[in-house]
Amino acid sequence: MNENPFYKVEKPKIDKRDKRVVHANEYKSLYDWLSERWNGWRMPLLFLETKSAIGCRLRELAYLRPGQLEDGRIVTESASCKGRKTRKSKLATERYAELVDISGKNFVFENWSQELRQLYRNAGRSRYARQVKEFCPEHLTRWMQRQIDDFRKA
């Protein structure tokens, strides 16, 4: 039996699912929930606001480097972004200024882990604070995905 017996069988046709559009009130509910959950911590909100403004993936934004912030825009190189084209996304002046202000040495959001650790300490949850690892874009991506999953469950 050297050949695949199913090679002549056609693949079944699957209906395409409609894309789900997230409405402004859903964003507001998520932002309110996150703000309450994390005691007004600005970083996760800034992260999601920026993601919404430029239409990128969580991972793309987590890997954002300070050098990609140029003249009020986020410059995403072709190799790392959706569509494989270099993209320059204009941001609101205030949001761009916030990103520049929080920007770390290697990644824009690299202070996330430090701030999260401090939030846990301030809340008297030192065990959780010790579990927060050094910054890695993948950790931030997974953390944001968990926050969104927890919001959906709530």
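What percentage of the 154 residues in the protein chain do buried residues make up? And, for the close look, which residues in helix 1 meet helix 2, and which meet helix 7?

A: This is a predicted model, in which local features need pLDDT of at least 70 and side-chain atom pairs count only at pLDDT 80 or more, whereas totals for chains, interfaces and linings use all residues. Residues are numbered from 1 along each chain as its sequence is written, and side-chain values use heavy atoms, with hydrogens and water left out.

To begin with the whole, buried residues make up 34% of the 154 residues in the protein chain, where buried means under 20% relative accessible area, exposed over 50% and partly exposed in between, for a 1.4 Å probe and protein chains only. The chain has 7 helices and 3 strands, these being DSSP runs (H or I of at least four residues for helices, E of at least two for strands) numbered from the N terminus. In order from the N terminus, the elements run α-α-α-β-β-β-α-α-α-α. The radius of gyration is 20 Å, well over the 15 Å that the globule rule gives for 154 residues, so the chain is more spread out than a compact globule; the radius is taken over C-alpha atoms, and the rule is 2.2 Å times the number of residues to the power 0.38. Along the principal axes, the C-alpha atoms fill a box of roughly 65 × 40 × 35 Å.

Turning to helix 1 (residues 24–37), its axis comes within 10 Å of that of helix 2 (residues 42–54), and the two cross at roughly 160°. That makes helix 1 roughly antiparallel to helix 2, given that angles over 145 degrees count as roughly antiparallel, under 35 as roughly parallel, 65 to 115 as roughly perpendicular and the rest as oblique. Axes here are lines fitted to C-alpha atoms over the stretch in contact, with angles from 0 to 180 degrees between N-to-C directions. On the helix 1 side, Y27, L30, Y31, L34 and S35 meet P44, L45, L48, E49 and S52 of helix 2, contact meaning heavy atoms within 4.5 Å. By class, this contact has 7 nonpolar, 2 polar and 1 charged residues; Ala, Val, Leu, Ile, Met, Phe, Trp, Tyr, Cys and Pro count as nonpolar, Asp, Glu, Lys and Arg as charged, and the others, Gly among them, as polar.

Helix 1 also packs with helix 7, at an angle of about 105° and with the axes 11 Å apart. Helix 1 is therefore roughly perpendicular to helix 7. Here E26, S29, L30, W33, L34 and R37 of helix 1 meet Q147, D150 and F151 of helix 7, and these residues divide into 4 nonpolar, 2 polar and 3 charged.

On the helix 7 side, Q147 (the helix spans residues 137–153) is buried, with a relative accessible area of 4%. Leaving aside neighbours within four places in sequence, Q147 is in contact with W33, L34, R37 and W38. Q145, also found in helix 7, is partly exposed, at 38% relative accessible area, and its C-alpha atom is separated by 8.3 Å from that of L58, 87 residues apart along the chain.
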